[in-house]
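Thanks for passing this one along. Here are my notes, in numbered points, to read with the model open beside you.

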Amino acid sequence: MNNDIHKTVPNLKPFDYSQHFESHFINREWILVNGISEKKSIYTFRSENVLEIKSRGETIETAWGLDIDNIFSVETEDGLIIVKAYFRDKDILVLDHQNKSGFAMFINTSNYNDDINSVEDIQEFLKFKYQQKVASTIYDHEFYYIEKSEEFGPYKVEDLNAKVIQEEISPYCFVRDINEEDYSRRLRIADLIQEI
């Protein structure tokens with residue numbers, strides 16, 4: 001993997017057939033981020049090595065193949081390219097060119113209702129995705145809170161919110177995740193409630 005990918009998209013995981021093929025890769029509509037301001041292209045990797053590329057109202061069928069491990073061959077309008085596939089998560093795919101410098105980045109917008117046609121739309125999608133992830137992470141975690149030098153918990157955010165609504169505790173009490181040792185992050189109940 002070249003350094004440009006690591007700097008641009010941190011925490012990439014190499015494609016693993018057993019983990020990613022069915023759940024992340026096949027039959028998903030991948031919007032090509034590179035060059036979206038000039039034209040929007042949607043890539044769908046179908047079974048039997050068919051690649052559909054939709055662009056400007058036209059659909060082109062071409063081919064793709066998984067050669068070995070994480071090495072793919074993809075037939076595009078630019079010819080045959082060899083790539084390695086990486087996932088940031090289930091909605092971000094990066095194909096690292098092996099025979100030239102550079103990479104292609106794709107996003108899967110299956111769980112997103114708005115159209116993506118520009119860089120600004122991509123930014124909104126990523127913001128939405130981040131907010132969803134933060135909300136679900138916060139909602140599922142448990143937290144301790146400290147009030148008058150005494151620690152209580154752990155509680156889920158919905159329980160803390162109920163205590164605030166019932167005026168049992170202040171929304172300005174400091175909290176810590178059950179996996180943290182102290183309150184050095186200076187996070188308050190109100191900060192958690194704001195994110196859900």
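1. Let me start with one residue. Leaving aside neighbours within four places in sequence, Thr-76 is in contact with Thr-62 and Ile-81, where contact means heavy atoms within 4.5 Å. Thr-76 sits in strand E6, residues 71-76; helices (H or I, at least four residues) and strands (E, at least two) are DSSP runs numbered from the N terminus. Its relative accessible area is 16%, so Thr-76 is buried (buried is under 20%, exposed over 50%, partly exposed in between, with a 1.4 Å probe and protein chains only).

2. A word on the basis of these notes. The model is predicted, so local features need pLDDT of at least 70 and side-chain atom pairs count only at pLDDT 80 or more, while totals for chains, interfaces and linings use all residues. Residues are numbered from 1 along each chain as its sequence is written, and side-chain values use heavy atoms, with hydrogens and water left out.

3. Now the overall form. The protein chain has five helices and 13 strands. Its radius of gyration is 22 Å, whereas a compact globule of 196 residues would have one near 16 Å (taken over C-alpha atoms; the globule rule is 2.2 Å times the number of residues to the power 0.38). The C-alpha trace spans about 70 × 35 × 30 Å along its principal axes. Of the 196 residues, 38% count as buried.

4. Next, the largest nonpolar core, which has 21 residues; Phe-25, Phe-45 and Trp-64 touch the most other members. Such a core is a set of buried Ala, Val, Leu, Ile, Met, Phe, Trp, Tyr and Cys residues joined through side-chain atoms within 4.5 Å. Elements that each supply at least two of its residues include helix H2 (17-25), strand E3 (41-46), E6 and strand E7 (79-89). E7 gives the most, with four residues. Beyond four places in sequence, Phe-25 touches Phe-15, His-20, Trp-30, Phe-45, Trp-64, Phe-72, Phe-87 and Leu-93. Apart from this core lies another, of 16 residues, among them Leu-12, Met-105, Tyr-112 and Phe-125.

5. Is Lys-163 buried or exposed? Lys-163 is buried, because its relative accessible area is 17%. It is placed in helix H4, residues 157-165, and, not counting residues up to four places away in sequence, Lys-163 touches Tyr-145, Tyr-155, Glu-168 and Ile-169. Lys-90, in the loop between E7 and E8, counts as partly exposed at 42% relative accessibility. With residues up to four places away again left out, Lys-90 touches His-24, Trp-30, Asn-108 and Asn-111. The C-alpha atoms of Lys-90 and Asn-108 are separated by 7.6 Å, although the two are 18 residues apart along the chain.

6. Finally, some backbone details to check by eye. Gly-153 and Pro-154 are joined by a cis peptide bond with omega of about 10°, and Pro-154 belongs to strand E11, residues 150-156. Asn-27 is not a glycine, yet has a positive phi of about 60°; this residue lies in the loop between H2 and E2 and counts as partly exposed at 41% relative accessibility. Asn-49 likewise has a positive phi, near 60°. Asn-49 is found in the loop between E3 and E4 and is partly exposed, with a relative accessible area of 37%.
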